[in-house]
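Thanks for coming, everyone. Let me put the structure up, and then we'll walk through it.

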Amino acid sequence: MKKIFILAWRNLWRNKKRTAITLASITFAVIIATFMRGMQLGSYEKMLNDAMRSTSGHLGIMGKDYWDDKSLINSMPIDDELGAILEKNDLVQITIPKITSGCLASFGDATRGVMVLGVDPEKEDFQSGMKNKMLEGEFLNSDHSIVIGKDLAKYLKAGIGDSVVLLGQGYQGVTAAGLYPITGIFSHPLGQLNKRVVYITIPTAEELFFMYGRLSSNSIILHDYTDEDKIVEAIAEKLDTGLYEMKDWRVMNKEILQGIESDNFFGVIMIGILYMVIGFGIFGTILMMTMERRKEFSVMIAIGMKRRKLLSVIIVEAVYMAIIGSILGLILAFPLVLFYHFNPIEFTGDTAELYYQLNMEPILPVSIKPGYMVSQFLVVLVLSLVASTLPLNTILKLDIVKVIRGRQ
Amino acid sequence: MEVIKIRSLKKIYNPDTVPVHAVDGIDTEFQSGEFTAIVGPSGCGKTTFLNLVGGLESPTEGEIFINGENISHKKKSQMTDFRLHNIGFVFQAYNLIPVMSAYENVAFIMELLGRPQSEIKTRVMELLDAMGVADKAGQRPHQLSGGQQQRVAVARALASKPKFILADEPTANLDSHSTETLLDLMLKMNEKEGTTIIFSTHDQRVMNKARRLVQMDDGKIVGNGKPEAN
Ligand SMILES: Nc1ncnc2c1ncn2[C@@H]1O[C@H](COP(=O)(O)OP(=O)(O)OP(=O)(O)O)[C@@H](O)[C@H]1O
Ligand SMILES: [Mg+2]
């Protein structure tokens, strides 16, 4: 058995130049693929970490039927014990409580259907950077006041200090009605929010909707979205599934997920094409290595070496190439990936502005998750095994008598 | 004792198109310890005959018994194993594995047979020494002359102590001096180890070294006896 490895190793270096070229092409492909993949995955990680942060959170705890029917009747009681657990967990960056309900907003003659968001001002600011989006006034510096979008203000022809009537349905069907002065007007990059959103504090929302000690949802933001499973596990026991339901970002943010999936698909295809080209290179080399050795193979079979043993020599040769080439590639790609992880590519101009507006840093760090690097290695390994199957066939079909007689 | 027994052996190539009766009804035996030359004009069937006896090709008709065992109907893979355990081969060219040293080439067969390293070492060195190439043990084939390569090939064929050795024109690529050296060494080993050796040749001087001469023509044995020189 040991002989097979020695034999294969020596065979590999019989034609040094050819082997070197094949190895160089594998190495090069692995570097490119690793970097491309790292960037791609890095952008997803970023998107998932940041976009989820400013939208749904990575996990959401909500009343049992809330997801299907987002009315206050399906709101949930605040569970202090659960809150404490989440607070203490190091993987959790912050939890963001919300009360959400539709209302009518009226000022003077104008009335419009709006979304009232009862929030914790500090936490909300952390999540969506509202304090930086204020055109006038402040973001919820007191209870019993509202902050509205600039387009809504324009529509209602209301300004700071004007009191707006909110009218809607509270918890368990009671009428919710209140008169609140505008203390701030914001401008959000997502235009819809400027037309439709009204912010109030949670205590104000509790009052308005008669739902003391209840929330519509509580979103959990993690430092790293991939820790999601651990959190699910950590609170699984405490979560009363009769009352509560937990949704992850996949469910809550289907569009982003779908976007990532289709982007990922094309990325994988690109890398697939790259590897296919390399695969043909490996295939060519192994085929040549096999064809030019038909004479000695024939003699080896004649003197009693089983064909299967010969096959394993060829396979080991292919595996050697795959291992050397991909490890070399990974070794060279790693510093590159590492560098761009810690010195991320920075966006400038409008793109950067948009990122800032969305409360995201305008950078693209390259992923350093080891998984995708290992898979480059595995892909090359599988590739070379596949590339060596056809040459194997020539050995199985080798007519040793013809070769020895010099007829082939 | 009879090592090889051959009965009504026939090999017909292209039976359906242009049939070639390469071996056309051979009956003969080879006794243990014989040193036999197969001779005859080009195309008379020497190589075919040796390939049949060595189980590299299968006969169209007839039987080959080796130590009483009929090998004519064995499967390809079974034959490979049979060859490994029973037959030593020396070919005209490409005998040695280029990436292995002379030592490793000879040891190779014994390793395939799973012999212990200690035994391999003694045996290989003993054979390389006997064949006069002990000082070349660490050299790769391309560093050896044609004659030295063939001597290593003979050492390899002997390594596993096979029942017999088949050598198809082992000297065809050698100059006359190397040819003589190789033949003398083969003869020496035939006497020393008692190995049955059957080889084919065109060369008059080579056949004269044989103990028994089998003359072929047109796929048949047309003469069988001692060479004139003996
Ligand atoms: N695969 C084959 N297909 C068809 N004919 C073949 C094949 N192999 C050998 N022959 C024919 O069989 C006959 C015997 O060939 P063989 O090689 O055994 O002769 P030989 O005595 O070894 O000749 P040489 O001295 O030239 O080596 C020849 O006529 C040859 O052309
Ligand atoms: Mg011949």
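Let's start with one residue. Is B:Asp81 buried, partly exposed or exposed? B:Asp81 counts as partly exposed, at 28% relative accessibility. One caution before we go on: this is a predicted model.

So who does B:Asp81 pair with? Its partner is A:Lys306, in a salt bridge whose closest N and O atoms are 3.0 Å apart. That pair crosses between chains. A:Lys306 sits in the loop between α11 (294–302) and α12 (307–342) of chain A. B:Asp81 is in helix α2 (residues 76–86) of chain B. A:Lys306 is also partly exposed, with a relative accessible area of 31%. In general, side chains of opposite charge can pair when their charged atoms come close.

Here is another link between the chains. The side chains of B:Glu111 and A:Lys3 meet in a salt bridge, 3.3 Å from N to O. B:Glu111 belongs to helix α3 (residues 102–112) of chain B, and A:Lys3 to helix α1 (residues 2–12) of chain A. B:Glu111 counts as partly exposed, at 22% relative accessibility.

Now stay inside chain A. A:Lys238 forms a salt bridge with A:Glu81, with the closest N and O atoms 4.0 Å apart. A:Lys238 lies in the loop between α8 (228–236) and β12 (244–248), while A:Glu81 is in helix α3 (residues 80–88), so the pair ties together parts that are 157 residues apart in sequence. A:Lys238 is partly exposed, with a relative accessible area of 35%. Also in chain A, there is a network of salt bridges linking A:Glu45, A:Asp224 and A:Lys369. Over all chains, a search of the whole structure finds 27 salt bridges.

Next, the ligand. How many residues surround ligand 1? The count is 16, and the closest are A:Arg405, B:Ser42, B:Lys46, B:Thr47 and B:Thr48. They come from chains A and B, so the site is shared between chains. The shell divides into 5 nonpolar, 7 polar and 4 charged residues.

Look at the contacts with ligand oxygens. A polar side-chain atom of B:Ser42 lies 2.5 Å from an oxygen atom of ligand 1. For B:Gly43, a backbone N or O atom lies 2.8 Å from a ligand oxygen. In B:Thr48, a side-chain N or O atom is 2.5 Å from one. The protein covers 76% of the 630 Å² of accessible area that ligand 1 has on its own.

Which elements give two or more residues to that shell? They are β2 (20–31) and α1 (46–53) of chain B. The largest share, 3 residues, comes from α1(B).

Terms used. Residues are numbered from 1 along each chain as its sequence is written. Chains are lettered from A and ligands numbered from 1 in the order in which they are written. This is a predicted model: local features need pLDDT of at least 70, side-chain atom pairs count only at pLDDT 80 or more; totals for chains, interfaces and linings use all residues. Side-chain values use heavy atoms; hydrogens and water are left out. A residue is near a molecule or strand if one of its heavy atoms lies within 4 Å of it. A polar contact is a pair of N or O atoms within 3.5 Å; within protein, one must be able to donate a hydrogen and the other to accept it, and residues adjacent in sequence count only if both atoms are side-chain atoms. Accessible areas come from the Shrake-Rupley method with a 1.4 Å probe; for residues, only the protein chains shown count as cover. Helices (H or I, at least four residues) and strands (E, at least two) are DSSP runs, numbered from the N terminus. Ala, Val, Leu, Ile, Met, Phe, Trp, Tyr, Cys and Pro count as nonpolar, Asp, Glu, Lys and Arg as charged, and the others, Gly among them, as polar. Buried means under 20% relative accessible area, exposed over 50%, partly exposed in between (1.4 Å probe, protein chains only).
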